[in-house]
Amino acid sequence: MCGIIGYLGDREATPILMESLKRLEYRGYDSAGVAVLELPKAGHANRTSITKSEAKVDTLIEKLEANMPSGKLGIGHTRWATHGKPTYINAHPHTDCHGKIFVVHNGIIENFAELKAELEAAGHEFPSETDTEVVPHLIEANYKGDFLAAVRAALKRIKGAYALAMFSSDDPELLVGARLNAPLVVGLGDGEYYIASDITAIIPYTKRVLVLGEGEVAAVTPLGAEVSTLDGVTVKSKVVHVDWDVAQAQKGGFPHFMLKEIHESPDAVANAMRGRLTDDGAVTFREFDVPDDRLRSITDVLLLGMGTSLHAAMIGEHVIEDWVGIPARAEDASEFRYRRPTVGDHTLNVVITQSGETADTLVALHQAKERGSLSVAVTNVIASSAARDADGAIYLHSGPEIGVASTKTLLAHMISLYLLAVRLATVDGRVSLERRRELVEALRALPDQVRGILARDKEIVELAHKYSGYRNFMFAGRGLDYPVALEGALKLKEISYIHAEGTSGGLLKHGPIALLDEQFPVVAICTASSTKDKMVSNVHEIVARSAPVLALVTEGDHSLDGVPTDIFKMPAVEEAASAVLNTVMLQLFAYHVAVKLGQNVDQPRNLAKTVTVE
Ligand code: F6R
């Protein structure tokens, strides 16, 4: 999730780009850059000045203040690295072979490797490791004197997600924006125009914006903004008036980052799959490109993580055993590091860490590595310690997570582990083509299904308010939904400070049930699975102890009809998909309980986003 801004107007572009990037920094902050078309001196050709920093926006601003380019057209970018490390060369804007076309990008170009190979064969040179760099070169390759036509032709070739702001130094009065699967707005000022990844960037300048639709291109000139499709058909876009302040805009209008991030889950799920999965379920990980033979030699999988990431590990453990048929174990990294680990060179060690910097997880990774295991970090942060220290990385591509409690990145972890399980099962020949296709279909349907749960926020608010008076909670589930229950309890306790524990349905009778009475509610995950009937029996046992029950039940399942419970109906989906949807529901439940109790959900007491000490 990068921040992008473009400006065309009567004022100096550079200070506007600088201020906008500062406001966009919450979207990504590992490097930044601007390109400004400088006012031509008489008799000279147009010249574009590029300033980049491999550090935060402040460093870029210092550089610009020392050497301020003067011009009325420019673009800027603050980067959350997806392809290529946060280096000077990889910082945007990117340009073509002749330094005429300038592009900033947010998103992921799925087919960049194929396009890059084609362009390289035609003589284009690519200094950076980014996916973005194919865009200016592709435009250059299609350029026949009309920049907009070249942009359209280039974008028709691109698969994936993009929000782009672009210009050519041959067209000093044309700023172009385009989007697909990533947001982009055009700000309409007084004789000046902006293109931005979100309105946070432009809110002090204008409250009037055009929101581009999927696959639309905006051509901005001093005469106005014209929106069209990639085929050049004019689109009539609606002007929207926004009355947010900067803080509201950064939260996308949501009251908290946590809620905003839960609402980013459909994108987090889609981005974790982007470019990695074919219709036939063939999975590729660019930064964990291990030959089939090496993967075939894997005899067991060790998954390490802490907190929410440990719950992701437990979900990974379950699907790897189930789909791949080899032993898998999820371990609390802080415990693992003090044991005598039984791992060897046929072990695959999967470290699960959003930040890539959790101290216990890193030490556990090093220990497993020392014993010769093949390691992969599943992380959201490019070039984080975990990504660097492991043999390979699977990046989540979720964009920064600002709320201390992990939400969208857990979903991306789950999807990544599902893909890893499919990859392992495929090399082992353990999964049929038909089953793989089924899984692909289930996974691809997930972003919309997550949207479906988010759309039912009101129902969840009602339940949360009804239950917010209790001081203790139990969350129970089985199979894949056991870690989901643990996570439901963790989310609730960390942001609402209500005591909550998670248990497997089976374990309930072996102790935890002693706690239950009419003041101790249970959230029971009873959605369709091979152990659903067992969970239904557990609910009967719970109800018999007079404990209030909130049950998650698959639509069309009547097993709990007539049993005194609150029911939240979940869609009938594949079990692995159901675990994702159940997680989203429980995240929203925890969020609304905490808000009702007036807690600081984004920064809960005693917690840090990244635990870099033991
Ligand atoms: C809970 C939460 C923590 C983290 C844990 C590991 O909401 O966010 O439990 O999951 O501290 O962090 P990472 O994934 O960065 O290693």
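Picture a 1 Å grid laid over the protein atoms alone: a cavity is a set of points where a 1.4 Å probe fits but cannot get out, while a pocket is an open set with protein on both sides within 12 Å along at least five of seven lines, and lining residues have an atom within 4 Å of a point. Points are joined across faces, edges and corners, and a volume is the space filled by probe spheres set on them. What you have here is a predicted model, where local features need pLDDT of at least 70 and side-chain atom pairs count only at pLDDT 80 or more, although totals for chains, interfaces and linings use all residues. Residues are numbered from 1 along each chain as its sequence is written, and side-chain values use heavy atoms, with hydrogens and water left out.

Searching the whole structure turns up 4 cavities of 30 Å³ or more. The largest cavity holds about 60 Å³ of space. Among the residues lining it are Cys2, Trp80, His83, His92, His105 and Asp131. By class, this lining has 3 nonpolar, 7 polar and 2 charged residues (Ala, Val, Leu, Ile, Met, Phe, Trp, Tyr, Cys and Pro count as nonpolar, Asp, Glu, Lys and Arg as charged, and the others, Gly among them, as polar).

Proline 93 sits in the loop between strand S4 (73-79) and strand S5 (94-95); helices (H or I, at least four residues) and strands (E, at least two) are DSSP runs numbered from the N terminus.

Now for the open spaces. About 830 Å³ of space lies in the largest pocket. Its lining runs to 36 residues, with Arg27, Pro183, Lys260, Glu264 and Asp267 nearest the centre. Helix H8 (265-273) is one of the elements that supply at least two lining residues each, as are strand S6 (101-109), helix H7 (257-263) and helix H15 (433-454). H8 gives the largest share, 4 residues. The lining of this pocket has 16 nonpolar, 11 polar and 9 charged residues.

So where is the ligand? The space it takes is the second largest pocket (a molecule sits in a pocket if more than half of its atoms lie within 2 Å of the grid points). Around the ligand are 13 residues, the closest being Ser309, Thr353, Ser355, Thr358 and Glu494; a residue is near if one of its heavy atoms lies within 4 Å. The shell divides into 3 nonpolar, 8 polar and 2 charged residues, and helix H10 (308-324) and helix H17 (481-496) each supply at least two of its residues.

Look at the ligand's oxygen atoms next. One lies 2.7 Å from a backbone N or O atom of glutamine 354. An oxygen atom is also 3.0 Å from an N or O atom in the side chain of serine 406.

Terms used: Polar contact = N/O pair within 3.5 Å; in protein donor to acceptor, adjacent residues only side chain to side chain.
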